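Dear colleague,

Please find below the structure I promised to pass on, followed by some notes on what turned up in it.

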Amino acid sequence: MALRAAGRRSLVDTVVEQLRAQLTEGEWRVGDRVPTEHALAEQLQVGRNTVREAVRVLVHAGMLQSRQGEGTFVVSTTDPSEVMRDVRRAGIRDVLELRIALEAEGARLAALRHSPADLRRMRAALESLEAFARGGERPGVGHHELHAAHDLEFHTAVVDAAHNAALSATYGWFSSSVRDSLVASLGDREVPSIVPADHRALVDAIASGDPAAAEAAARALLEAPKRAIEALLATG
């Protein structure tokens, strides 16, 4: 199969896209060994160095795995970078709904597993958020970004208190989309502002050790902006 013309784009990037397409379309299944560099170079009509670089990109992306002396194997047919791009293209309501799912479960688990250090971290983040809110600064360049950063630090502390490595990693990966949606919401007068008191209720619920109360507090905290976004979309 001859490779499509690269045009102005890097030939390595073009090979990466071709191999990614073959993976996502099921040409090779998870566990399969992909053809050798020589075979791929002949198939795509490019040099072996180009294939080697493209394979390295897909290894770093988590789709392929190179095993010394054995070859290169498929470990995933989904490119995490593509998933992230899809998330970043998602609308603010979609991001908010995913936030609710992750943060509500994080809060529930945090109520069961938190340590004294976790509570100190949450309370310190909340104090910083409250101090920023009390500052009464007139919004200027970077104001919403800084406000969003304080809020995100608090929610990250809550999720990390769940002591679930997969949940923390997912939320960390998702955090740039959370930050972008927070900045957009802070700049929209139709969306309710961040209320530190609601955040304190969440910390108190986690500290009480009641998982149902913590989950409910996390959902309640995001319910008002969710309703506002839905109302804006309904009239938009």
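Helices (H or I, at least four residues) and strands (E, at least two) are taken here as DSSP runs, numbered from the N terminus. On that basis the protein chain has 10 helices and 2 strands, and its elements, read from the N terminus, follow the order α-α-α-β-β-α-α-α-α-α-α-α. Please bear in mind that this is a predicted model, in which local features need pLDDT of at least 70 and side-chain atom pairs count only at pLDDT 80 or more, while totals for chains, interfaces and linings use all residues. Residues are numbered from 1 along each chain as its sequence is written, and side-chain values use heavy atoms, with hydrogens and water left out.

Of the 236 residues of the protein chain, 38% are buried, where buried means under 20% relative accessible area (1.4 Å probe, protein chains only).

One of the buried residues is His-199, with a relative accessible area of 2%; His-199 lies in helix H9 (residues 196-207), and its side chain makes a polar contact with that of Asp-151 at 2.7 Å. A polar contact is a pair of N or O atoms within 3.5 Å; within protein, one must be able to donate a hydrogen and the other to accept it, and residues adjacent in sequence count only if both atoms are side-chain atoms.

Tyr-171 and Phe-174 are both buried as well, and they stand 3 residues apart in helix H8 (residues 165-186), which means that about one helical turn separates them.

Best wishes

Key
Buried < 20%, exposed > 50% of the residue type's maximum accessible area, 1.4 Å probe, protein only.
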